[in-house]
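Please open the structure in your viewer and keep the selection tool at hand, as this tour goes from one selection to the next.

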Amino acid sequence: MAILTMIGQLLLALTILVGLHEFGHFIFARIFGIRVNKFYIFFDFLFPLPNVLNFALWKIKKGDTEYGLGWFPLGGYVDIAGMIDETKDASQLSSVPEPYEFRSKPAWQRLFVMLGGIIVNVILGILIFWGVKYYWGEEYYSKAEINKLGIYAHPLAQEIGLKTGDKIIKVNNEDYEGFGDVRASLMQENTYFTIDRNGETKEIPVPNGLIDRVASKEAFMEPIMPFKVGEVTKGMPAEAAGLKEGDKIIKADSTPILYFQAFQEALKKSSGKKIELLVERGNQTLKVNPTVTKEGTIGFKLEPTLVSSKRTLSFGESFITGAKDALGVIPNQIQGFGRIFKGHISAGNAVSGPVGLAQMYGKLWDWERFWSLTGLLSMGLAFMNALPIPALDGGHVIVLLYEMITRRKPSEKFMERTQQVGTFILLALMVLVLFNDTFKAIFK
């Protein structure tokens, strides 16, 4: 059921993102009187082979356009009359151009048609971020709340000199609002933290290569998390031992428990064995003896007692904040690509395909997470399509800009060859990403 939930969320997100991206091309084509032969969400063929396994899960013909849902769920397309793409080559465009064809229109109109998908994805991303901010507001752990107890340093954080209990007072010599700002700073180069350690101020530089290990999901640091027992899972050792929601665990065997991370450490040490927990329940102090699973759990949800801050935004405030966050994805993407080329982060850790994206959506259907991630993906899709790679929108845009500047239109044969090169590049990237996704899912 959990796997189906992940797949369902991913397919819904892709349907929304791909459908509206292709609608961007479609609507500009229609505005300029260009005929659209097909409008498909997902491919009705084995991409990139347009004549292999041609069938649709659903289709309907209205006017000149066939609308359909393909079976190959890794993209989508609009078949624009008179345009070379993954569905046709130059030989199909050897006749005299018709007035309703893409190739017969002025370069500036063709440019808007190619930019249509990117434009719609940017608008969609801003609208989603706006809606999330307005409906759910902003929830975060403030600097003041984090620094009551400090941060928990995982081994990776300890390697660079951080210690559990350190209080981060500045990031790159600037104040910050919440823990999300601390995490976001890892995307920047030459980041350093100013910390308070037992009243002594220190500066801890963050190696540029550390982001690669964080991107590979290696634990780095998090706020120290005081806690109570939340919902107890039925059929798990916690329920069998009599642990109840609201209990406060104060000792595990002989180890005092002040926060959740310390409790997790104690459970790992007792993996597969019984553990004695000293528990406060109201005015009572009692002992329970659950058996820890081999995975190091006993079966209850964490209920943090660290107080989160929540800011409710007005309609106008949520638009400004949402638009800022949405548009901020683009420079972050550029910065991320820059760090890949500099060797700070491997492409395998920086890029996720269908398996990785499904895992990001999670095993439980959480609408706030769903829309937040879908908004992020919409902006990411806009950025990726803007890359100057043949077969992507950005590749077509570069050719059209060349034509507009030089007033020389490239030949249909040239366009076919660039399309073939671009499709080969995209296919190679697809295979690499799918292999990388599968490898990480199985072995990490």
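Begin on the surface by selecting Leu49, Val52, Leu53, Phe55, Leu57, Trp58 and Ile60, which together form a nonpolar patch with about 650 Å² of accessible area. Such a patch takes residues with over 30% relative accessible area and no salt bridge, nonpolar side chains being joined within 5 Å; a salt bridge is a side-chain nitrogen of Lys or Arg within 4 Å of a carboxyl oxygen of Asp or Glu, and areas come from the Shrake-Rupley method with a 1.4 Å probe. This is a predicted model, in which local features need pLDDT of at least 70 and side-chain atom pairs count only at pLDDT 80 or more, while totals for chains, interfaces and linings use all residues. Residues are numbered from 1 along each chain as its sequence is written, and side-chain values use heavy atoms, with hydrogens and water left out.

Valine 52 counts as partly exposed because its relative accessibility is 33%, between the limits for buried (under 20%) and exposed (over 50%).

Next, select the open sheet of 3 strands, which has the order β7-β8-β9 with antiparallel pairing, where pairing requires at least two DSSP bridges. β7 (167-171) and β9 (200-205) stand at the edges with a single partner strand each, so one side of each has no neighbour in the sheet. Strand β8 (residues 192-197) pairs with β9 over 6 bridges, and aspartate 196 has threonine 201 in β9 as its bridge partner.

Notes:
Helices (H or I, at least four residues) and strands (E, at least two) are DSSP runs, numbered from the N terminus. Patches are made of residues with over 30% relative accessible area and no salt bridge: like charges are joined within 9 Å, nonpolar side chains (Val, Leu, Ile, Met, Phe, Trp, Tyr) within 5 Å. Buried means under 20% relative accessible area, exposed over 50%, partly exposed in between (1.4 Å probe, protein chains only).
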